[in-house]
Amino acid sequence: MFMLSNYNSFWIFLLLVSFIPFLAFSISGFLAPSNLGPEKLTSYESGIEPMGDAWIQFQIRYYMFALVFVIFDVETVFLYPWAMCFNDFGIAAFIEALVFLFILLIGLVYAWRKGALEWS
């Protein structure tokens with residue numbers, strides 16, 4: 001039969017972990033000063049008065065550049081665990097890593113040809 005008494009420490013820990021963020025936000029809400037004025041309600045832009053609307057449209061190339069960076073950055077991070085255990089793996093893992101790098105290289109060439117890496 002399934003014994004729930006074995007999980008008492010887990011439930012206590014789960015209750016405690018759920019209560020700590022609530023406690024932290026409550027204490028900071030009580031202790032923080034809350035004198036809202038016109039200066040505090042304005043948006044801060046390097047000390048100068050904000051001009052225009054905050055919702056401006058950026059060109060798509062900024063998003064594309066960031067997306068390409070994140071994709072290649074995250075995927076190359078997958079190589080670090082492989083490099084740390086290189087001696088434990090065999091030749092098959094080495095070939096798989098070369099295939100992975102080849103796919104990354106194809107993606108980089110594709111992004112380069114499409115102009116996703118052009119900043120101007």
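This note sets out points on the fold, surface and core of the structure.

1. The model is predicted: local features require pLDDT of at least 70 and side-chain atom pairs count only at pLDDT 80 or more, while totals for chains, interfaces and linings use all residues. Residues are numbered from 1 along each chain as its sequence is written, and side-chain values use heavy atoms, with hydrogens and water left out.

2. The protein chain has five helices and zero strands, in the order α-α-α-α-α along the sequence. Helices (H or I, at least four residues) and strands (E, at least two) are DSSP runs numbered from the N terminus.

3. An unreviewed UniProt entry annotates residues 12–32, 62–83 and 89–112 as "transmembrane region"; such annotations, given in the numbering used here with shortened feature names, may be inferred rather than shown by experiment. Residues 12–32 are 95% helix and 0% strand, with end C-alpha atoms 30 Å apart. For residues 62–83, the end C-alpha atoms lie 32 Å apart, and the span is 95% helix and 0% strand.

4. Of the 120 residues in the protein chain, 8% are buried (under 20% relative accessible area, with exposed over 50% and partly exposed in between; 1.4 Å probe, protein chains only). The chain exposes about 11400 Å², of which carbon and sulfur atoms supply 72%; areas come from the Shrake-Rupley method with a 1.4 Å probe, and for residues only the protein chains shown count as cover.

5. The largest nonpolar core consists of five residues: Val68, Phe72, Leu104, Ala111 and Ala116. Helix 3 and helix 5 (91–114) are the elements that give two or more residues to this core. A nonpolar core is a set of buried Ala, Val, Leu, Ile, Met, Phe, Trp, Tyr and Cys residues joined through side-chain atoms within 4.5 Å.

6. Ala111, in helix 5, counts as buried because its relative accessibility is 8%. Ala111 and Val68 are 43 residues apart in sequence, yet their C-alpha atoms are 7.6 Å apart in space. Beyond neighbours within four places in sequence, Ala111 is in contact (heavy atoms within 4.5 Å) with Val68, Ala116 and Leu117. With such neighbours again left aside, Ala116 is in contact with Phe65, Val68 and Ala111.
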